[in-house]
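This report describes a protein model from its overall division down to individual side chains. Please keep the sequence and the 3D view open while reading.

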Amino acid sequence: MSDPLVLKRSNSKLNYFILITVIIAAGLSQGLLLPVLSILLEQKGVSSSLNGLNAAALYVGSFAMTLVAERVLGAIGFKRLIAAGISLVLVTLLLFPLLPGIKVWFILRLLVGIGDSAINYAAQLWVLLMAPAEHRGRNLSLYGMSYGLGFSLGPAGISLLRFGEAAPFLILAGLFMLALLLVLFKLPNSRPDKVEHSEGQARRFGRSYSLAWYALIPALLYGYMEASLNSNFPVYGLRSGFNTDQIATLLPFAGIGGLLLQLPLGLWSDRYGRKKILIFAGTTGGLAFTLLPLGGGHFVFTLLLLLAAGGLVGSFFSLGLSYAADILPRNLLPAANVVSSFHFSIGSIIGPGIGGLLLEFGWGSGVFVLLGGFYILFGLTGLLFSPRQLN
């Protein structure tokens, strides 16, 4: 018999700590794999457009998982879904150095995407449902900080390539093994609350959109930014004159900026309203991205802009999900969580592809001009959005 979702206080802190640990590992996997594989393929002479499309495979797998995540979670529960996701990523990491080649890596990236999506969907929904409304921004920000910590540390794995191409994958696999042991032996077999629905899944998705479309867009932008930055920036950096060690140093600063501002933005959203914070962060973060090409090959200037841009928009996924939870009735939160994951996957799929094409046609700065423009447009659109309640 599984434990109820509303856990005793003595256990909830331990469960939250384990979920934080798991999501750090998930962030590490994406933060490491995207730039490491992009660099390896670039060094093998693979075109930037094909490189970007290959990177998108991870998010194709993530997208596929979102289509069934809600039903799978209801059937097997939080613990088993998280454990299954970790196990899949763990096995796949061990296969990367054993099965080199762009075609095989495409398939392996698909599998990593499925595993990471399972982990993220289950963990973020669990945290969301456990969080009291008055501290929702804070709790989701701490969750987002944990993912950002892992994601920002991931590119440091580029430096491990000096010990051989297998080194980053083996070390990451060891960390996933530790996370799996924590989940198997310490997490309870909890399930989401059962809610009787008089409408189908598609109908609930539609209601989520109609009530909270503005709160669901940030996940799309965050996915686009994250995948584009980590897949395209290594190639952009190499062509701008940075070496691999400099790129490994620069990339984490977008995540570090997110870590620095994640909690303050979450607390401010609790106090001043999430819509105002989303508008402010979107417009100013977008401006920082559009200025990035002005840095050229200047290391410090590029670092500061990445720090500022990443800090301002690094909270977008958690802030958007928190805003959706403010607007939507509780029974629509699982559907909204699926939509957010769906949006994240779509953004992550198209980001590397569009960026790769821009690089292919020689307009590398367009990667960041377009990205910044999307965020600015989102911020301005917020002036038109007014949430409504459903009776």
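## Basis and domains

Contact, as used throughout this report, means heavy atoms within 4.5 Å. By that criterion, 50 residues of domain 1 are in contact with 52 residues of domain 2. The protein is divided into domain 1 (1-195) and domain 2 (203-390), with bounds that come from an automatic or database domain assignment. The centres of the two domains, taken over C-alpha atoms, are separated by 19 Å.

The model is predicted, so local features need pLDDT of at least 70 and side-chain atom pairs count only at pLDDT 80 or more, whereas totals for chains, interfaces and linings use all residues. Residues are numbered from 1 along each chain as its sequence is written, and side-chain values use heavy atoms, with hydrogens and water left out.

Helices are DSSP runs (H or I, at least four residues), numbered from the N terminus, and the expected span of a helix is 1.5 Å times one less than its number of residues. Helix H13 (residues 333-360) has 28 residues and reaches 40 Å from its first C-alpha to its last, close to the 40 Å expected.

Buried means under 20% relative accessible area and exposed over 50%, with partly exposed in between (1.4 Å probe, protein chains only). Because 21 of its 28 residues are buried, H13 is largely enclosed by the rest of the structure. Among the buried residues of H11 are Thr302, Leu303, Leu305, Leu306 and Ala309, along with Gly310, Gly311, Leu312 and Val313. Just after H13, Gly362 takes a positive phi of about 85°.

Gln30 lies in helix H1 (residues 9-43) and, at 3% relative accessibility, counts as buried. Leaving aside neighbours within four places in sequence, Gln30 is in contact with Pro35, Leu58, Tyr59, Asp116, Asn120, Tyr147, Phe151, Glu226 and Phe344. Ile346, found in helix H13, counts as partly exposed at 28% relative accessibility. Ile346 and Tyr59 are 287 residues apart in sequence, yet their C-alpha atoms are 7.3 Å apart in space. With neighbours within four places in sequence again left aside, Ile346 is in contact with Phe63 and Leu220.

Ala281 belongs to helix H10 (residues 274-291) and is buried, its relative accessible area being 0%. Not counting residues up to four places away in sequence, Ala281 touches Gly286, Leu312, Val313 and Phe316; of these, Leu312 and Val313 are among the buried residues of H11.

## Salt bridges

Side chains of opposite charge can pair when their charged atoms come close. A salt bridge is here a side-chain nitrogen of Lys or Arg within 4 Å of a carboxyl oxygen of Asp or Glu, and the structure holds three of them. In one, Arg162 pairs with Asp245, the closest N and O atoms being 3.4 Å apart. This pair links distant parts of the chain, with Arg162 in the loop between helix H5 (136-153) and H6 and Asp245 in helix H8 (residues 244-250), 83 residues apart. Arg162 is exposed, with a relative accessible area of 58%, whereas Asp245 counts as partly exposed at 39%.

Asp270 forms a salt bridge with Arg274, with the closest N and O atoms 2.9 Å apart. Asp270 is partly exposed, with a relative accessible area of 26%, while Arg274 counts as buried at 7% relative accessibility. The side chain of Arg274 also meets that of Asp326 in a salt bridge (2.5 Å, N to O). That pair joins distant parts of the chain, Arg274 in helix H10 and Asp326 in helix H12 (residues 316-327), 52 residues apart. Asp326 counts as partly exposed, at 35% relative accessibility. Through shared partners, the salt bridges join Asp270, Arg274 and Asp326 into one network.

## A nonpolar surface patch

Patches are made of residues with over 30% relative accessible area and no salt bridge, like charges being joined within 9 Å and nonpolar side chains (Val, Leu, Ile, Met, Phe, Trp, Tyr) within 5 Å. Ile171, Leu175, Met177, Leu178, Leu181, Leu184 and Phe185 form a nonpolar patch on the surface, with about 670 Å² of accessible area together; accessible areas come from the Shrake-Rupley method with a 1.4 Å probe, and for residues only the protein chains shown count as cover. Met177 lies in helix H6 (residues 167-186) and counts as partly exposed at 36% relative accessibility.

Technical notes
Helix = DSSP H or I, 4+ residues; strand = E, 2+ residues; numbered from the N terminus.
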